[in-house]
Amino acid sequence: MKQNSNNKGKRVVITGMSVVTSLGLSLDEFWKNLISGKSGVSRIDRFNVEKISSKIAAQIRNFNPEDYVSRKQAKRMDRFSQFAAAAAVMVLEDCKLKINSSNDGDIGVYIGSGVGGLGTLESQHQRLLEKGADKVSPFLIPMMISNMAAAHVSIISGAKGPVSTTTTACAAGSNAIGDAFEIIKRGDAKVMLAGGSEAAVTPMGMAGFSNMHALSTRNDEPEKASRPFDRDRDGFVMGEGCAILILEDLEHAIDRDAKIYGEIFGYGLSGEAYHITALEKSGVNVERCIKNCLREGEVGLDEVDYINAHGTSTPLNDIVESIAIKRCFNDNADSINISSTKSMTGHCLGATGAIEAVASILSIKNGIIPPTINLENLDEKCSSLNYTPNTSVKRDVNVAISNSMGFGGHNVTLGFKKYVE
């Protein structure tokens, strides 16, 4: 495998990771449950779902924001920002990075979110209707807007380098990581806290997706509802959560003797220019996205060991992504392990790409492919590929890629590999 040449910018490694998910609030718990094939999906019990057809979600339980920030801070954050704040505290501990006046300008933040503070918007709109405009919280706007996860991470960490947000729907977390990667490559930062955060398991969030017939209604079997590539899938399962990665210039990481989980080598992008929610059926745009990622890292089609698929468990997405993978890799496709970890975490919208980046990197570090659970009868319209059904697989993983696709036609592929000096 060729290393990136100097004219392609700096090498970027991952030196810290954290997650807040329905499978766990720590990296170890998340990984243990993921490779065990545990589902994080259950019946919604936080609000009334009587008039919502989909009554299930991958909810995060036992999360207390005051374990990570003060009560005053937590009260001024929407849930999606609370997740990001918690993940930031954990990831800084994981990477052993101290931010102070000597380095704060070299460290930035890039956090994606698809919908931002939806819960706050709903509750304050209800207050407006019931109590009047003068009772709307003065914190409505700074709690609701989508950049606030990144803002709070910057404030908590002290990072004063580039700070930004992506809102590319379900590709937002992957876009944030990719954009942070490019920022370091071109020398505008030495370290970036990058990822995605989402908390859309709310009445409006569930009703909106449910009424467009995007969500599974397998309400009597929540743990079996998310079933990517299975012929009986009937929609995705909403999830919530956050993941943050520390991306770091390799030389900077070596100088501070940082532990290195792996290296990020590529960031592929493409657009569909087709439909507000649907992928174009030939898969050619997703194929191009994957090839763009591999080309940036000078990685061959025969070098990819694992693909963490977008794999939403919706009828069209799974078919098109499968076709795209087959188109892209041709005869090499059969030798690649593919899995959709959304079968366990649900679809966490703008956070999902970041969560799946963590899963991809851990598969490289630990030599284990997480499974696609609930895959009992493969849909014949999906290409006959190895979707790692139901049970994790031990395999030496040198190269992994992760696909994300967002409403509106935003395609992203991230590429990761083992770190080699």
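**Side-chain contacts, helix packing and salt bridges**

The side chain of Asp249 reaches the backbone nitrogen of Glu251 at a distance of 3.1 Å. This is a polar contact, defined as a pair of N or O atoms within 3.5 Å; within protein, one must be able to donate a hydrogen and the other to accept it, and residues adjacent in sequence count only if both atoms are side-chain atoms. The structure is a predicted model, in which local features need pLDDT of at least 70 and side-chain atom pairs count only at pLDDT 80 or more, whereas totals for chains, interfaces and linings use all residues. Residues are numbered from 1 along each chain as its sequence is written, and side-chain values use heavy atoms, with hydrogens and water left out.

Asp249 lies in strand E7, which covers residues 241-249. Helices (H or I, at least four residues) and strands (E, at least two) are DSSP runs numbered from the N terminus. Asp249 is buried but has no salt bridge, and Lys10, the nearest side chain of opposite charge, is 4.0 Å away. Buried means under 20% relative accessible area, exposed over 50%, and partly exposed in between (1.4 Å probe, protein chains only). A salt bridge is a side-chain nitrogen of Lys or Arg within 4 Å of a carboxyl oxygen of Asp or Glu. Apart from its neighbours within four places in sequence, Asp249 is in contact with Lys10, Arg11, Ile184 and Lys190, contact meaning heavy atoms within 4.5 Å.

By the salt-bridge rule the count comes to 23. One of these joins Asp318 and Arg233, whose closest N and O atoms are 3.2 Å apart. Asp318 lies in helix H11 and Arg233 in the loop between helix H8 (203-211) and E7, so the pair ties together parts that are 85 residues apart in sequence. Both Asp318 and Arg233 are buried. A further salt bridge links the side chains of Arg395 and Asp305 (3.3 Å, N to O). Here Arg395 belongs to the loop between strand E12 (393-394) and strand E13 (399-406), and Asp305 to the loop between helix H10 (284-297) and E9, so parts 90 residues apart in sequence are tied together. Arg395 is partly exposed at 22% relative accessibility, whereas Asp305 is buried at 12%. Lys224 and Glu221 also meet in a salt bridge (4.0 Å, N to O); Lys224 is partly exposed at 37%, as is Glu221 at 35%. Arg46, Arg79 and Glu240 are linked in a network of salt bridges.

Helix H7 (residues 172-185) packs against helix H13 (residues 352-366) at an angle of about 65 degrees, with the axes 5 Å apart. Axes are lines fitted to C-alpha atoms, for helices over the stretch in contact, and angles run from 0 to 180 degrees between N-to-C directions. Gly173, Ser174 and Ile177 of H7 meet Gly353, Ala354 and Ala357 of H13. The residues of this contact divide into three nonpolar, three polar and no charged.

Turning to the backbone, Lys96 has a positive phi of about 55 degrees although it is not a glycine. Lys96 is in the loop between helix H3 (79-95) and strand E4 (107-112), and is exposed, with a relative accessible area of 56%. Ser313 also has a positive phi, near 80 degrees. Ser313 lies in the loop between strand E9 (306-308) and helix H11 (315-329), and is buried, with a relative accessible area of 0%.

Terms used. Ala, Val, Leu, Ile, Met, Phe, Trp, Tyr, Cys and Pro count as nonpolar, Asp, Glu, Lys and Arg as charged, and the others, Gly among them, as polar. Lys and Arg count as positive and Asp and Glu as negative; His and the chain ends are not counted.
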